[in-house]
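Subject: Structure handover

Hello,

Here is the structure I promised to pass on. Please open it first, then read the notes below it.

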Amino acid sequence: MKNYKRLLAYIKPYLGLFGLAVVCIICASGANLYLPWIIKDMIDKVLAERDMAMLNFISVSIVVVFAFRGFFYYWQSYLVSYIGQRVVVDVREVMFRKFQRMPMSYFDKHQTGETMSYLTNDVGAIQSALVDNLIEMFTEGAILIGSIGMMLYLDWKLTLLTLITVPLVGSAMRIFGKKIKSTGTVIQEKLADITSLLQESISSIRVVKSFVRESYEIDRFKVENELNFKATMDNVRLTSLLTPTVEFLAAVAVTFIVWFGGYEVVNGILSAGALVAFLTYAVNLANPVKRLSRIYGRLQKAMAAIDRIFGVLDLKETVNDKKDAVELPKVVGSVTVENVTFSYDGIHNALENVSFEVNPGQMIAFVGPSGAGKSTIANLIPRFYDVNSGAIKIDGFDIRDVKTDSLREQIGIVPQETLLFSTTVMENIRYGRLNATDEEVIAAAKAANADKFIRDLPEGYQTQIGERGLNLSGGQRQRMAIARAMLKNPQILILDEATSALDTESEKIVQSALDDLMVGRTSFVIAHRLSTIFAADKIFVIDKGRICEQGTHKELLELGGVYSNLYNIQFSNL
Ligand SMILES: Nc1ncnc2c1ncn2[C@@H]1O[C@H](COP(=O)(O)OP(=O)(O)O)[C@@H](O)[C@H]1O
Ligand SMILES: [Mg+2]
């Protein structure tokens, strides 16, 4: 219930509209209350007194009342849906903001489908909880109160009689219903007993026969079988008793009401029309009671969704800027990694005691088997995760002391697979720097060897990319990623197997674009093919989360260790 209150806080901005909606609901359902009144006038005035003027009046008022009701019905639906949808839009946006701020580790642990279902199904459940329940609650509440009010007005004694006898019959029905339900459960249990006994004695028939226990088993079965019969008959007895009893009780209740009502009519205390109107109101009471109890069930269901949503909203955003975080000034690009140990799951270390230093503008390469921890280093520099111990410094700033946005603004990443958004080629490249002009975008595309293929696309830079749009080849995607990075113009560059998924032909084109991109920037290159990193200022060989060798290509070859082995494997068959 605590979370339901929190949800109500989202309705607060629309409280004025909400009040208006409630007024409309009450007016619309109030119109329903007029119908029995028509019956009353019809009987008492038109039929009994042959009052033509009354007949005309009734005819006109039916038309007027229904017009009135239609008007308020429209506004009730419109306003409540408006509020419901506004709340959904607001909650959805809050959720989306939350997801944008969640740490990478959240997305490691949760599947895309799960996250999406929060935003679609659960938020949708809120909408129906609000819209349907609120309308129904107020409509039925108004009809309930209105009907009782009308009944009291028509004849308060008869109303009291009704309000006492009807609930009595109702609770008698409920008590019976519960009993029947419980005998039903007993039948199910007995049936289950029979089944398990059957299964047991048939599957162990060999044992039964070898001990000559057939008649023993038959006796056992007979007992269970009889118990089942008894349970079923208990149930039958109750159900057969229920219908006549309830009907009898209802008949007695109705008799009381009709007798008393009739008595009053005979004695001139109540008019015939008023009695009929009264009975119509009384019958109408059944609906609101039934529907109001259904609302409770629906609320229960919505609560689960609401709990899930607030559960997500309460999650901690682990990588948060410190309170006194400073803006990272434009960096020169020296990177120091000091004794870094990091684990994704708190059990296995993905990196252990990794230390190295990079000077501005240097190209650093990481090689090693898959799962060694190369990408993990690439993840830690933009602070997608926080180190467990040690520190990463850029230009002397510990990256935990600066604003994460100002850090990431200065780092460009070209991943193995580039994700493009479903928009135009132009906008996809502009993602690198949102305020770039068209000319700058095109210049970046040119620098990334992408301009030519883009111009060959059906609509050039305005071509739509995405599921229904055009699909680009891996090499083309990578060049778009490079163009994005060119546009962003970061001082630090991370290329995580940027060419690994490409065939040799496109790799050459992409590689030459990458070489241009790296000029003058501190670059971290993770490479599968050693040919791309011969020129690196320093190569680190990573294995099991540790640096096991380091040096230039030449030094490592001379060392004759892991690197030279790798080299020999890759180049032996050339
Ligand atoms: N998001 C993640 N969550 C949990 N463990 C991960 C995650 N990413 C990588 N790992 C684990 O960390 C280790 C290093 O992975 P990674 O840095 O991706 O290796 P490499 O890039 O060298 O192939 C591996 O054991 C891998 O299973
Ligand atoms: Mg990797």
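Strand β6 (residues 411-414) is covered on both faces in this predicted model. Ile-411 and Ile-413 are buried on one side. Gly-412 and Val-414 are buried on the other.

What does β6 pair with? Its partner here is strand β7 (residues 492-496), joined to β6 by 4 bridges. The two run parallel. Within this pair, Gly-412 sits opposite Leu-493 of β7.

Next, an open sheet. It has 4 strands, in the order β2-β1-β4-β5, with antiparallel pairing. The edges are β2 (351-358) and β5 (397-398). Each has a single partner strand, so one side of each lacks a neighbour in the sheet. Strand β1 (residues 335-342) is tied to β2 by 5 bridges, and they run antiparallel. Look for Thr-336, which faces Glu-357 in β2.

Now the ligand. Which residues surround ligand 1? They are Asp-108, Tyr-344, Asp-345, Ala-350, Gly-368, Ser-370, Gly-371, Ala-372, Gly-373, Lys-374, Ser-375 and Thr-376. By type, the shell divides into 3 nonpolar, 6 polar and 3 charged residues. Helix α12 gives the most to this shell, with 3 residues.

Two backbone angles deserve a look. Most residues other than glycine have a negative phi. Arg-383 has a positive one, near 60°. You will find Arg-383 in the loop between α12 (374-380) and β4 (389-394). Is Arg-383 buried or exposed? Arg-383 has 20 other C-beta atoms within 10 Å, and the cut-off for buried is 20 or more, so Arg-383 counts as buried.

The other is Lys-544. Its phi is also positive, at about 50°, and it is not a glycine. Lys-544 lies in the loop between β9 (538-543) and β10 (546-551). Here 15 other C-beta atoms lie within 10 Å of Lys-544.

Last, the domains. The domain assignment gives domain 1 (2-155 + 270-313) and domain 2 (418-489). Domain 1 is written there as two segments. The centres of domain 1 and domain 2, taken over C-alpha atoms, are 51 Å apart.

Best wishes

Note on methods. Residues are numbered from 1 along each chain as its sequence is written. Chains are lettered from A and ligands numbered from 1 in the order in which they are written. This is a predicted model: local features need pLDDT of at least 70, side-chain atom pairs count only at pLDDT 80 or more; totals for chains, interfaces and linings use all residues. A residue is buried if 20 or more other C-beta atoms lie within 10 Å of its own, exposed if 12 or fewer, and partly exposed in between; C-beta atoms are placed from the backbone. A residue is near a molecule or strand if its C-beta atom, placed from the backbone, lies within 6 Å of it. Ala, Val, Leu, Ile, Met, Phe, Trp, Tyr, Cys and Pro count as nonpolar, Asp, Glu, Lys and Arg as charged, and the others, Gly among them, as polar. Two strands pair if DSSP finds at least two bridges between them. Domain bounds come from an automatic or database domain assignment.
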